[in-house]
Every structure is written in structure tokens, then in C-alpha cells.
Amino acid sequence: MCILFLALSYIMVEDELALFDKSINEFWNKFKSTDTSCQMAGLRDTYKDSIKAFAEKLSVKLKEEERMVEMFLEYQNQISRQNKLIQEKKDNLLKLIAEVKGKKQELEVLTANIQDLKEEYSRKKETISTANKANAERLKRLQKSADLYKDRLGLEIRKIYGEKLQFIFTNIDPKNPESPFMFSLHLNEARDYEVSDSAPHLEGLAEFQENVRKTNNFSAFLANVRKAFTATVYN
């Protein structure tokens, strides 16, 4: 709008200059055709008045053009500030979009990790459940054997602290049939037999433990331990 007004003002000034040029030409033609000094004086005054009027009009037009230039520059500054503000808002919006995308990716990764943990927990839970069932079955078999051994071998099996089983033999010492000979047994983290706390102490207990781990023949293991305890009586 300012540019249009400046263009119109420029055209109006051009028109004023054209009119002034026309007035000069008319004055010059009259001057050439005038003979008397009185008429020449009148023409001179008319010329001065025309020059003064034109100068006043030109001064007004120049001031108007200066104001329009100032308005145009201010308009340009406003447009520049608005463009800068728009660019800042655009940059902030792009930054916000990038942050939202980043949060979305983090959420997807976190969700995937949680799902992995759930699956791992489910697998471990199933493994532990299977191991517990196997242990319960082994203990059940041991208890069943215990009842048999108690009747035939004078063997009693007790469950004590730390998930351990205590094996107590009697009828070994002829002089004192009720005298106990005992050891403890439990399953370690590798699910193998772990033998300890023999009383009296047996030197070959570690060897017996190794053999039962390899053969899984628990009856033979108990028979060998009983023989070892019996040997301590006669030695």
C-alpha cells in the first residue's frame, strides 16, 4: 500500500513539474511578445508568484513524500519483526515435534523392555516351578525310601533347617543299639546332592557324595555310609 502511495505521489510531482514547465513556456512566449516596460514588470511579478506557489507546492509534496518514506520504512520493520516472530514460533514448533517424537520412541523402547522383562520373569517362574516340582518328587521318593530304610536298617530321616534332611542310623553298635550315627543332606544350587555334618566324622564322605552324584543310586549311597559308620565301631 505504501509503495502504491509513493508511486502516486511521484506521478503527482511529475504532473506538477509538467505544469510548471508549461507555465514557464507560456511566460516566455508572453515575454517575447511584450514591448512595454509596464507589461514586463507585470509578467515578472506573475513569474515570481508562480515560482513561489510552485516552491510551496513542491515543499508540501516533498514533506508528504518524506512522511510516506518513513511510513514505508516502519511498515518494512513491522513486517521484518513479524517474520522473525513467525520463524521463532516455527522453530519452537519443530523443536516440540522432535521432543514428542523422542518421547514416543523412548516410550516404545520402555514398553519393549517391560515386555522382555515379563517374558523373562515368566520363563524363570516356569523354570523355578519345574525345579520345585522335581525337588518335591525327589524328596517324596526319599521319604518313601526312608520308611523302608527305617524298618530294615534302623534309619530315620528328619527334615531340619535350611531345607536339609538329617539321616540317623541306629542298630550299628551292638553294645549300644540306640546310639545314633548321622549325617545331613541337601540339594545345592546346581541341584546336586550335598552331604555334610557327619557324626562321627567319616573320611570317605566326599567320595560317597561324588559317586551318588554320578550314579544317582541313592540306595547304594546309604549302604556305603552305613558300612562306613559300622567300620568306625569296630576300628
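This is a predicted model: local features need pLDDT of at least 70, side-chain atom pairs count only at pLDDT 80 or more; totals for chains, interfaces and linings use all residues.
**Entry 1: a term before I start**

Residues are numbered from 1 along each chain as its sequence is written, and side-chain values use heavy atoms, with hydrogens and water left out.

**Entry 2: the layout**

I counted 4 helices and 4 strands in the protein. Here helices (H or I, at least four residues) and strands (E, at least two) are DSSP runs, numbered from the N terminus. Along the sequence I read the pattern α-α-β-β-β-β-α-α.

Next I checked burial, where buried means under 20% relative accessible area, exposed over 50%, and partly exposed in between (1.4 Å probe, protein chains only). Of the 235 residues, 21% count as buried. The accessible surface comes to about 17,900 Å², and 56% of this belongs to carbon and sulfur atoms. Such areas come from the Shrake-Rupley method with a 1.4 Å probe; for residues, only the protein chains shown count as cover.

I also looked at contacts (heavy atoms within 4.5 Å). Among contacts with a separation of 6 or more, 41% are between residues 24 or more positions apart.

**Entry 3: the nonpolar core**

Which residues have the most contacts inside the largest nonpolar core? I found Phe167, Phe169, Phe183, Phe218, Phe221 and Val225, in a core of 22 residues. At least two core residues come from each of β1 (155-160), β2 (164-169), β3 (181-187), β4 (193-199), α3 (205-215) and α4 (218-234). Helix α4 gives the most to this core, with 6 residues.

For the term itself, I noted that a nonpolar core is a set of buried Ala, Val, Leu, Ile, Met, Phe, Trp, Tyr and Cys residues joined through side-chain atoms within 4.5 Å.

I then picked Phe218 from the core list. Leaving aside its neighbours within four places in sequence, Phe218 is in contact with Leu142, Phe167, Leu185, Tyr193 and Val212.

**Entry 4: the rings**

Searching the whole structure gave me 8 aromatic pairs. Why is the pair of Phe167 and Phe183 called stacked? The ring centres of Phe167 and Phe183 are 4.9 Å apart and their planes lie at 0°, so the pair is stacked. This pair links distant parts of the chain, with Phe167 in strand β2 and Phe183 in strand β3, 16 residues apart.

The rule I used: rings of Phe, Tyr and Trp (its six-membered ring) pair if their centres lie within 6.5 Å, while planes under 30 degrees apart count as stacked, over 60 as edge-to-face and the rest as tilted.

Are these two residues buried or exposed? Phe167 counts as buried because its relative accessibility is 0%, and Phe183 counts as buried at 0% too. Ring pairs also link Phe167, Phe169, Phe181, Phe183, Tyr193, Phe218, Phe221 and Phe229 into a cluster.

**Entry 5: back to the salt bridges**

The whole structure holds 5 salt bridges.

Another one joins Arg213 and Glu194, with the closest N and O atoms 2.9 Å apart. It links distant parts of the chain: Arg213 is in helix α3 and Glu194 in strand β4, 19 residues apart. Arg213 counts as partly exposed at 29% relative accessibility, and Glu194 does at 25%.

The side chains of Lys124 and Glu120 also meet in a salt bridge (3.3 Å, N to O). Lys124 and Glu120 are separated by about one helical turn because they are 4 residues apart in helix α2.

**Entry 6: a last stop in β3**

I finished at Ser184, which lies in strand β3. Ser184 counts as buried, at 3% relative accessibility. Beyond its neighbours within four places in sequence, Ser184 is in contact with residues including Ile160, Lys164, Glu194 and Asp197.

Technical notes. A salt bridge is a side-chain nitrogen of Lys or Arg within 4 Å of a carboxyl oxygen of Asp or Glu.
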